[in-house]
Amino acid sequence: RATTTAREILKVLEEPFVLEGLKLDIQASIGIVFFPEHGDNANILMQRADIAMYAAKARKSGYAIYASEQDQNSPYRLALVGDLRHAIVNDQLFLLYQPKIELQTGQIIGVEALVRWRHPRLGILQPDQFVPLAEKTGLIMPLTLWVLHEALRQCQKWHQADIKLSVAANIS
């Protein structure tokens, strides 16, 4: 019911408003929370609705239902930060290499290094699940250095095996 209501509100807001002869386009982001699942008092519910609203804004989805993963101070996110710090030091990260192909010849001319995290409890995590967290917590530098070191190490192995490929890595 809440998502249906959110969609109805967003639909109404699609039409421009006219105010003193000016046409105004309004964009809305709606955060949805449920009592008592997301909190048992008005203050917590309002904070979590705000978190969900910012998640909706970031995803450009119009609305979002609160999830603890969205909350930068949630126990889940705080634990994930500690896990990521541990992952960087203890080689739980790994790289996949996406080929870059010369279209005229069909030859592989290089690769792009793509980082993944083999989390001991959560399985394989994609970059969108941990890179933004690294950016917000100061772990982006050690993560970036790990990626560059590992990509260069692999590149060296390929060159020693007479496989001449360039390696690209995204840097935040």
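**Side-chain contacts and strand pairing in the predicted model**

Arg153 counts as partly exposed, with a relative accessibility of 30%. The structure described here is a predicted model. Arg153 takes part in a salt bridge with Glu150, in which the closest N and O atoms are 2.4 Å apart. Both residues belong to helix α5, and because Arg153 and Glu150 are three residues apart there, about one helical turn separates them. Glu150 has a relative accessibility of 17%. Since the limit for a buried residue is under 20%, Glu150 counts as buried.

Side chains of opposite charge can pair when their charged atoms come close. Another of these bridges is formed by Lys11 and Glu14, with 3.7 Å between the closest N and O atoms. Lys11 and Glu14 lie in helix α1 (residues 2–14), and their spacing of three residues means that they are separated by about one helical turn. Lys11 is exposed, at a relative accessible area of 55%, and Glu14 is exposed as well, at 53%.

A further salt bridge brings together the side chains of Asp83 and Arg121, at 3.0 Å from N to O. This pair links distant parts of the chain: Asp83 is in helix α3 (residues 75–89), whereas Arg121 is in the loop between β6 and β7, 38 residues apart. Arg121 has a relative accessible area of 60% and is therefore exposed.

Strands β6 and β7 run in the antiparallel sense and share three bridges. A hairpin of three residues connects β6 to β7. Within this pairing, His119 has Gly123 of β7 as its bridge partner.

The hairpin formed by β5 and β6 has six residues between the strands, and in its turn Gly106 shows a positive phi of about 75 degrees. With strand β8 (residues 166–169), β6 pairs in the parallel sense over four bridges. One of the residues involved is Val111, whose bridge partner in β8 is Val167. In a regular strand the side chains alternate between the two faces of the sheet.

Two aromatic pairs are present in the structure. In one of them, the rings of Tyr97 and Trp158 have centres 5.0 Å apart and planes at 70 degrees; the pair is edge-to-face because the angle is over 60 degrees. Distant parts of the chain are linked by this pair, as Tyr97 is in strand β5 (residues 93–101) and Trp158 is in helix α5 (residues 140–160), 61 residues apart. Tyr97 is partly exposed, with a relative accessible area of 24%, whereas Trp158 counts as buried at 17% relative accessibility.

The aromatic pair of Trp117 and Phe130 is edge-to-face, with 5.5 Å from centre to centre and 85 degrees between the planes. It also links distant parts of the chain: Trp117 is in strand β6 (residues 108–119), and Phe130 is in the loop between β7 (123–125) and α4 (131–137), 13 residues apart. Trp117 and Phe130 are both buried. A contact between a charge and a ring is found as well: the charged end of Arg118 sits over the ring of Phe94, at 4.4 Å from the ring centre.

On the surface, a nonpolar patch is made up of Phe17, Leu19, Leu22, Leu24 and Ile26, which together have about 450 Å² of accessible area. Strands β1 (17–19) and β2 (22–24) each supply at least two residues of the patch. Leu24 has its place in strand β2. At a relative accessible area of 34%, Leu24 is partly exposed.

How values were computed
Residues numbered from 1 in each chain as written. Predicted model: local features only at pLDDT ≥ 70, side-chain atom pairs only at ≥ 80, totals over all residues. Heavy atoms only, no water. Phe/Tyr/Trp six-rings, centres within 6.5 Å; stacked < 30°, edge-to-face > 60°. Buried < 20%, exposed > 50% of the residue type's maximum accessible area, 1.4 Å probe, protein only. Lys NZ or Arg CZ within 6 Å of the ring centre and 35° of its normal. Pairing = 2+ DSSP bridges. Patch = residues over 30% accessible without salt bridge, like charges linked within 9 Å, V, L, I, M, F, W, Y side chains within 5 Å. Areas by Shrake-Rupley, 256 points an atom, 1.4 Å probe, with all protein chains shown as cover. Salt bridge = Lys/Arg side-chain N within 4 Å of Asp/Glu carboxyl O.
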